[in-house]
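This report covers strand pairing and salt bridges. The sequence and the structure come first.

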Amino acid sequence: GQSTSPIAQLPLCPYSCVHLCCREQPIFSTRAHVFQIDPATKRNWIPASKHALTVSYFYDATRNVYRIISVGGTKAIINSTITPNMTFTKTSQKFGQWADSRANTVYGLGFASEQHLSQFAEKFQEVKEAARLAREKSQDKTELTNPALNITSHQVLPSPIISSNGPGEDKLFRSQSADVEISTEKERLKKMLSEGSVSEVQWEAEFFSLQDNNNKLVAALHEANANVDQWKKQLAAYQEETETLRQRVAELESQGGHDSSSENNKEELSQTLEELELLIKAKDEEIQMLKSQKCGRWEAEGEREETLQKLQELEARNAELERRLHLAEQTLAETLAEREKIQNEVTKVAEIMDVKIFELSEIRQGLAKLVESN
């Protein structure tokens, strides 16, 4: 039956010239960001895709080989046959790489966590050891069937069998000159890795740092937008309360301009003054809080400047209200003093009237006595 794995739809393999079909079974899968070394500079990494891809180990039971395969859409991003001489290197806590001489490139994987990297590295060692055992078995069989191909242990082992048209065709083997070429290519790749390791580590650190900074900036931008909306609501409420304060001050001035003989009105005015003072104090605290909140929100600079300007206007209006409140207090004090003065004058007039009435009463009594004596 056909496999439902996306590997079944891969194009021709550039290294083995056979179709990737259902004979290969995945033995381990993970997700990672895939990179390849820049063929021009041999120093910089080129991302293979914008998002993390599934990277899997596959085993081909027919050819007894192991591959690392990753598919992006319908394209094989990674199709690397694992050989015993390959090495997977951890260059940081979340990044690893290996060189593929057949593909003439270096692959890099960026993982989401150190645990994923460790699991992939451990599986690489296991598959590499399995590939070594498979090669030794293949070599033993080759030596038994053809003693002329016997080689010493220190020589480079031949590459796995390459089929031109499929498993049923004649098998072609690499010559000794091809092995020398592979060794030379391995040395060149090692040199390339050593030269590019510093740049790779710096690039990788910068990549993850930029990723973290981008997440922080996005979070800060959302927070700033939320704070701007909150400031707008607070500003509208503050303007409404300020208008209420202005109306109360107008009422206070109106009440302070009329002379009242009621003691209740005096107590009400005093209570209103206390309430206004408390409200002004609360508004000052809100202004200070808004000032402290607006610091550090560089993403919403325009909104902050506008809010700051409105806060300054509100502070000026508060200062004006305080001045008018102070004038109202003075007017009230003057009114109370004037009323007390008038009351004192009325008292004096009443006392004088009492004296005059008493004197008139005495005069009347004297006149009455004179009338009686006549």
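A residue is called buried when its relative accessible area is under 20%, exposed when that area is over 50%, and partly exposed in between. The model under discussion is predicted.

Glu241 is partly exposed, because its relative accessibility is 36%.

Lys283 also meets Glu286 in a salt bridge, at 2.9 Å from N to O. These two residues are three apart in helix H3, which means that about one helical turn separates them. With 30% relative accessibility, Glu286 counts as partly exposed.

A further salt bridge joins Arg323 to Glu320, again described by its closest N and O atoms, 2.3 Å apart. Both residues sit in helix H4 (residues 301–373), three residues apart, or about one turn of the helix. Arg323 is partly exposed at 41% relative accessibility, and Glu320 is partly exposed at 34%.

The total in the model is nine salt bridges. Glu129, Arg132 and Glu136 are linked in a network of such contacts.

The accessibility values of the residues in the three pairs are listed here.

| Residue | Relative accessibility | Class |
|---|---|---|
| Glu241 | 36% | partly exposed |
| Glu286 | 30% | partly exposed |
| Arg323 | 41% | partly exposed |
| Glu320 | 34% | partly exposed |

Is strand S3 mostly covered or mostly open? S3 (residues 53–60) is mostly covered, with six of its eight residues buried. In a regular strand, side chains alternate between the two faces of the sheet.

S3 runs antiparallel to strand S1 (residues 24–37), and eight bridges join the two. In this pairing Ala32 is opposite Leu53 of S3. S3 also pairs with strand S4 (residues 65–72), in the antiparallel sense and over six bridges. Here Tyr59 faces Tyr66 of S4 as its opposite residue.

S3 and S4 make up a hairpin with four residues between them.

Technical notes:
Residues numbered from 1 in each chain as written. Predicted model: local features only at pLDDT ≥ 70, side-chain atom pairs only at ≥ 80, totals over all residues. Heavy atoms only, no water. Buried < 20%, exposed > 50% of the residue type's maximum accessible area, 1.4 Å probe, protein only. Pairing = 2+ DSSP bridges. Salt bridge = Lys/Arg side-chain N within 4 Å of Asp/Glu carboxyl O.
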